[in-house]
Amino acid sequence: MPRHKLGAAFAAGLAALLAASVARAEILLEGVHWQAAAGVPAALRFQDVAGLRLAGGVVKSRVRARVRVRNASPVSREGILLRYSVAARLSPASAPAEAGEKTAWAVPFIVEEKRVPRIGAQQTIEASLDPTTILRLYAARVRRAGYRILGLRLQVMVEPHRGEQRDIQTLESVVKVTE
């Protein structure tokens, strides 16, 4: 085989190997858990919660969601962008909490993004998504309108990079809200 054809074959093989490596370079969303903390910001101690409590429709504690993100590839990845939204399940304040026919999921009141600068090869990190400030404003507006929040729905996705040909993974978590 002529020398220039050997070089071309080697380059094609190397390109195929790199393409296979990129195809395996997946960022996976593995799960989410909600946390809450009360107190002053310097002394916050977040704890996992199964549900959130709004005292009289007011958000008194700091709330966050921790999303587990795993880099399943053999190389580190940089510039990961998590896009997320938060929506609320609303009910008239006068209706009993069990009245399912009077509840509805509102459109998202938060659409944000969180940058993860770097995840090492085969590593898992937890990214914090903190909707507290906007949630406080939204809860006050909902309360003034005569409604209450019964649940929060978080939807998260990894922003795809140019050249990636994989399915877009989304993750959804719903947390119950009580008064």
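A37 is buried, with a relative accessibility of 3%; buried means under 20% relative accessible area, exposed over 50% and partly exposed in between, with a 1.4 Å probe and protein chains only. This is a predicted model, in which local features need pLDDT of at least 70 and side-chain atom pairs count only at pLDDT 80 or more, while totals for chains, interfaces and linings use all residues. Residues are numbered from 1 along each chain as its sequence is written, and side-chain values use heavy atoms, with hydrogens and water left out.

A37 belongs to strand β1, residues 27-37. Strands (E, at least two residues) and helices (H or I, at least four) are DSSP runs, numbered from the N terminus. Leaving out residues up to four places away in sequence, A37 touches L44, R45, F46, S61 and R62, where contact means heavy atoms within 4.5 Å. From A37 to D48 the C-alpha distance is 9.1 Å, with eleven residues of separation in sequence.

T132 lies in helix α2, residues 132-144, and is buried at a relative accessible area of 0%. Its side chain reaches the backbone oxygen of V63 at 2.8 Å.

S61 and V63 return in the lining of the largest cavity, together with L52, R53, L54, V59 and L135. A cavity is a set of points, on a 1 Å grid over the protein atoms alone, where a 1.4 Å probe fits but cannot get out; lining residues have an atom within 4 Å of a point. By this rule there is one cavity of 30 Å³ or more. The largest cavity has a volume of about 40 Å³, taken as the space filled by probe spheres set on the points, which are joined across faces, edges and corners. Its lining comprises five nonpolar residues, one polar and one charged. Here Ala, Val, Leu, Ile, Met, Phe, Trp, Tyr, Cys and Pro count as nonpolar, Asp, Glu, Lys and Arg as charged, and the others, Gly among them, as polar.

The chain as a whole has two helices and ten strands, in the order α-β-β-β-β-β-β-β-β-α-β-β from the N terminus. Of its 179 residues, 39% are buried. Among contacts between residues at least 6 apart in sequence, 75% join residues at least 24 apart.

Note on methods: Polar contact = N/O pair within 3.5 Å; in protein donor to acceptor, adjacent residues only side chain to side chain. 1 Å grid on protein atoms, 1.4 Å probe; cavity = no way out; pocket = protein on both sides within 12 Å on 5 of 7 lines; lining within 4 Å.
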